[in-house]
Amino acid sequence: MTATPDAPLIRVEGLRVEFGRGAAATTAIAGLDLSLGRGECVALVGESGSGKSVSARSLIGLAGRDAHVTATTLEIDGRDARGFGERQWRRIRGSRIGFVLQDALSSLDPLRTVGAEIGEAVRATGGPRGRAGRVRALELLRRAHVPQPERRIDERPSQLSGGQRQRALIASALAGEPAVLIADEPTTALDVSVQKQILALFAELKAQGHAILLISHDLAVVSELADRIHVLRRGAVVESGRADAVLSAPEHPYTRSLIDAIPRFDATAPRHTASVAVAVEPPAALAADPSAAALAADPSAAALAAYPSAAASTPASSATVAPSPPPATGGTPLVVEDVSKRFRLRDDSERTALESVSLRLTPGRSLGVVGESGSGKTTLARVIAGFEQPDSGRVSGLGDDPRDVQFVYQDPGASFDPRWDVGRLLGEAIELRHGRLAAGERRRRSIEWLHRVGLSEEHLGRRPSALSGGQRQRVGIARALAVVPRYVILDEPVSALDVAVQSQILDLIADLQEETGVGYLFISHDLGVVQRVCDTLLVLRHGVVRETGPTDRVLAAPADDYTRELIDAVPVMPGGAAPPVR
Amino acid sequence: MSAAVWRVLRRLGVSLVTLLGAVTLTFFALRLVPGDPAFAILGAGRQQVDISPEVLAVVREQYHLDDPLIVQFVLYLGRLLSGDLGTSYVQEQPVSALLVAQAGPTLALALLATVLAVVLSLVGAVLTAGRRLPSWISSALELVLASTPVFWLGFVLMLVFSVWLRALPIIDGGDLRSLVFPAVTLALPTAALLLQVLRQSLDDALEQPFVLTARSRGLGGLSVTVRHALRHAAIPYLTMLGFSFGALLGGAAITETLFSRPGLGRLLVESVASQDIPVVIAVVLVSTAVFILVNTVVDLLYPLIDPRMRERAATGARR
Amino acid sequence: MLLLFVVSALWPELLAPGDPLAADRGLVLAPPSPEHPFGTDEIGRDVYTRVVHGARSSLALGFGAVLIAVTVGTVFGLVAGLSRRVVSTVTLRIADIGAAFPELILAIFILALFGGGLGTATLAIGIAGIPSYVRVVRAEAVKVKASAYIEASYGLGLAPRAVLLRHILPNAVRPVLIIATIGLGGATLAGAALSFLGLGSPPPTSEWGAMLSNARNFLTLGWWAAVFPGLAITVFVISSTVIGRWINASREGRA
């Protein structure tokens with residue numbers, strides 16, 4: 001190659017990607033500088049819409065057919081790639097730069113076997129076909145540490161586990177022995193323990209001399225691997241530098257807010273009283289951001305800016321407005337005794353979703369149910385809510401009023417009737433508790449609830465589809481509480497949201513509990529999120545309760561090996577006193 | 001392997017039941033017609049022509065019209081199973097003989113039209129999918145073609161090629177050349193529908209992450225379309241193909257009338273005009289049977305294209 | 001464009017004051033001219049006037065057939081989608097049998113039994129169209145019933161009846177109107193086809209399909225008598241399809 005050993009494999013200056021032309025053009029990224037050498041890992045970090053993925057794709061000429069890519073320097077192996085046509089890019093792709101996307105279930109062709117996919121990658125990069133190609137594919141699977149490669153090679157992605165799939169995808173990216181690997185959110189779809197293993201694989205590849213460009217929304221993930229970090233926000237680079245410097249001493253308020261917003265567990269930290277202060281900070285920091293004015297036009301940016309005032313008005317409004325009927329504090333606890341649930345699978349085998357699960361929850365308290373995918377946590381929630389009948393065991397303490405348990409969903413958008421606006425949705429919930437109301441009264445109470453969750457009257461006539469993710473979840477919470485339940489089950493209520501929004505919603509959830517005295521069953525895969533809200537934890541694995549106890553004790557001194565494994569699998573930021581949790 | 005055999009048998013069973021349902025429906029529909037069914041069968045439905053009592057007696061005997069309805073139906077099924085489709089009193093021939101004589105030209109027409117439609121839509125979709133301007137032009141063309149009445153399209157083609165350009169004969173001369181016109185006429189609207197569905201599915205498939213992965217390996221745009229996207233688009237395409245075969249059968253009636261070609265479609269139209277009900281019912285049943293057959297084949301092809309369906313079907317069969 | 005067709009159907013006199021049946025023996029098969037923009041037919045009738053007046057029969061046929069198919073199809077689709085298993089299966093099986101007939105062939109069969117004419121033709125096309133609407137509405141009802149927001153409504157504590165009336169029914173029926181708009185084109189095409197085959201409206205009436213059938217015999221002498229009615233059908237079908245798609249797209253954009 002033309003590159004000398006020390007010369008960067010990729011060198012980019014002033015990268016700019018626009019979509020559309022002329023007045024209608026939108027800028028996805030403006031002014032990214034980046035250099036990547038052998039054995040290095042550079043990370044692009046930002047939330048959705050920051051331009052990180054588009055930047056990475058433009059390095060292999062796949063930014064999209066409407067994309068207009070310019071740069072003052074764009075060198076790959078020391079060659080100027082700015083004028084590259086499709087033919088030249090194809091020689092780069094796979095052979096010089098490999099590409100790994102998130103969620104191998106959709107990033108590998110679901111209709112073909114793993115072997116066919118890797119074989120295609122081998123051939124496309126000039127490798128052998130036929131028997132020799134298969135041998136090569138097996139070798140690649142072994143290099144990515146796919147267990148039982150001889151068996152997996154003839155299976156389709158849907159037959160592999162999440163971790164195996166991701167390894168197979170990485171194997172296919174290695175087919176052309178590329179010097180550079182671009183990994184776009186390579187662990188986002190995975191459970192923490194699997195995420196840890198995949199990150200270890202990338203570390204191994206890095207040690208073998210591969211250069212890695214890692215793209216993630218998660219600073220914690222990046223901190224394990226990256227030598228340098230570029231923080232992106234709405235198409236602009238807000239901070240760049242050595243990883244340890246950026247993480248331990250962030251200069252830009254946005255970076256700081258990202259670090260702060262990462263839920264972290266720390267047995268000594270007091271709970272949500274402390275996090276409220278953290279949550280009010282990011283919007284304030286945004287106001288100081290010089291680009292904030294330019295972003296004001298963006299609805300979600302405006303929504304962010306609106307939060308401080310809403311947060312300030314919350315205590316006031318709850319004091320002045322007529323309170324809803326007093327919430328039932330204390331009283332009979334919700335008791336789940338020895339509940340088991342099995343599902344029959346199509347091949348007639350049975351899968352145990354829950355095995356003798358017991359728990360106890362009183363109004364005003366919050367119980368966190370933590371587990372990875374397949375742990376049975378959602379089934380547990382559905383059994384308590386009465387959507388599923390348990391095979392054995394019983395749920396008591398609820399009476400037979402279905403209004404007493406309400407649900408907040410991971411994807412609130414899907415839980416709203418698509419024809420209805422926010423006012424009608426809230427009105428329905430309010431009338432469910434209070435009976436038929438006059439239109440004016442219904443409206444007044446709906447607005448009252450909007451205020452309580454930090455929204456305003458203007459949202460009343462909007463459809464949920466016209467709201468941002470965070471706003472939608474606020475409506476979801478308002479609707480659940482407007483029925484004045486004794487318990488609310490929150491099923492991964494923040495996992496679909498960006499970190500900064502996550503933090504605000506968690507605070508809202510905590511504040512509303514103090515206000516209404518409702519009991520929470522908080523379901524999450526994320527230890528840090530649960531720690532922010534819950535006083536008691538229950539760790540679930542394969543339908544079995546592994547450990548339960550006060551949050552602080554469980555996190556500080558886990559009694560169970562699996563709990564310890566979960567805590568250890570959480571990426572740890574170097575230098576930070578408090579380990580952040582994804 | 002036995003699971004696959006089981007699946008095929010089950011699907012065939014469903015088709016047979018559907019066909020039986022269709023037969024039942026036609027049988028009882030005939031009884032819904034006001035008046036004596038014997039008159040309808042004789043082709044004198046509403047004309048109330050005088051018919052000699054002897055002939056009436058023969059028909060009553062043949063169709064067992066004096067027996068209870070359920071007996072009539074069972075006997076009718078028995079006759080159908082033995083291949084006896086009744087007698088055309090208008091043409092004074094067994095219906096099956098009429099059908100056999102007319103089936104060939106229609107089969108040739110339908111097959112050629114299907115092949116044409118498939119080729120046109122495949123080539124068109126692969127070349128235009130994922131490209132803005134070609135897609136736009138093609139979709140405008142599809143809209144016009146799919147909205148054009150088959151018979152008018154035939155007119156325009158005749159007008160342009162026969163009357164103005166004098167390139168092809170209008171009226172059937174019996175050779176392959178005369179098949180071209182009707183087949184193209186019949187194929188174009190179907191091709192437009194197929195093209196629409198296929199390009200839409202290809203576009204959807206090309207948006208999938210695995211396509212990005214494939215391209216990041218260095219594969220070219222066309223080979224990604226052919227190797228990855230086409231297989232994913234195949235199921236909606238085949239569904240549409242099966243569905244549009246029904247339209248093709250209906251269209252054959254129009255095309256054959258328009259181009260004065262022999263065939264089942266024209267036989268149907270002429271039999272309706274002459275109130276030759278036994279022939280009408282026979283043609284309806286035969287085309288329905290063919291339609292069911294085509295859709296059965298399409299259904300059986302799905303799992304070959306999408307192995308995930310094979311697993312689902314295999315485990316589902318044992319439920 | 002569609003508006004123009006509707007006006008032609010309701011008040012043809014506004015656009016074409018002449019008599020569609022008035023024949024000018026001196027002007028047989030005259031090519032298009034300022035007096036007769038679409039020319040005249042084989043007995044000297046003005047093709048333009050006949051095309052405008054033909055809109056009524058052709059559109060009535062299309063609208064009527066879609067109305068029958070949609071109404072009946074929606075009712076049975078909802079039954080199949082929402083009722084208990086046995087009822088649902090039986091309804092669906094019957095719909096499957098109906099769908100096993102090629103639509104146009106089924107319509108011809110109905111006409112053969114019950115005689116021709118505009119009314120029967122409308123009925124025939126409407127009946128032939130029912131099975132596909134049953135399937136669409138059923139699929140939609142099943143989808144809505146299984147959707148997260150319906151479960152959420154139960155979770156909220158709403159009575160099953162309220163969930164059915166307030167959330168399931170309106171959402172299940174909603175897409176039908178759009179499909180019906182797109183289906184209007186197909187029904188009009190089928191109606192014209194039946195008339196072309198001589199099974200729809202009887203000869204003296206001006207109906208697009210029947211006019212084409214007539215003009216077919218004089219193709220070499222006067223192409224205009226065939227081209228313009230056909231063009232009217234095509235343009236009508238295109239415009240109703242485009243409008244249907246546009247409503248569909250704008251709805252999806254909002255949801």
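**Exercise 1. Find which residue of β13(A) is the bridge partner of A:K341, and describe the sheet around this pair.**

Step 1. In β13(A), A:K341 has A:L354 as its bridge partner; strands here are DSSP runs of E with at least two residues, helices are runs of H or I with at least four residues, and both are numbered from the N terminus. The model is predicted, so that local features need pLDDT of at least 70 and side-chain atom pairs count only at pLDDT 80 or more, whereas totals for chains, interfaces and linings use all residues. Residues are numbered from 1 along each chain as its sequence is written, chains are lettered from A and ligands numbered from 1 in the order in which they are written, and side-chain values use heavy atoms, with hydrogens and water left out.

Step 2. Strand β12 of chain A (residues 334–344) runs antiparallel to β13(A) and is joined to it by eight bridges, where two strands pair if DSSP finds at least two bridges between them.

Step 3. In chain A, the order β13-β12-β15 makes an open sheet of three strands with antiparallel pairing. Its edge strands, each pairing on one side only, are β13 (350–361) and β15 (392–396) of chain A.

Step 4. Helix α15 of chain A (residues 377–385) packs on the sheet and touches β12, β13 and β15 of chain A, contact being heavy atoms within 4.5 Å. The direction of α15 makes about 60° with that of β13(A); axes are lines fitted to C-alpha atoms, for helices over the stretch in contact, and angles run from 0 to 180 degrees between N-to-C directions.

**Exercise 2. Determine how much space lies in the largest cavity, and which residues line it.**

Step 1. A cavity is a set of points on a 1 Å grid over the protein atoms alone where a 1.4 Å probe fits but cannot get out, and lining residues have an atom within 4 Å of a point. The count comes to 14 cavities of 30 Å³ or more, and about 180 Å³ of space lies in the largest cavity.

Step 2. The lining of the largest cavity has 17 residues, and the closest to its centre are B:Y63, B:Y76, B:L85, B:P278 and B:I281.

Step 3. Among the elements of chain B that give two or more residues to this lining are α1 (2–32) and α4 (69–81), while α12(B) gives the most, with five residues.

**Exercise 3. Describe the chain over residues 279–302 of chain B.**

Step 1. UniProt, in an unreviewed entry, lists residues 279–302 of chain B among those for "transmembrane region"; such annotations may be inferred rather than shown by experiment.

Step 2. Over these residues the chain is 100% helix and 0% strand, and the end C-alpha atoms are 35 Å apart.

Note on methods
On a 1 Å grid over the protein atoms alone, a cavity is a set of points where a 1.4 Å probe fits but cannot get out, and a pocket is an open set with protein on both sides within 12 Å along at least five of seven lines; lining residues have an atom within 4 Å of a point. Grid points are joined across faces, edges and corners, and a volume is the space filled by probe spheres set on the points.
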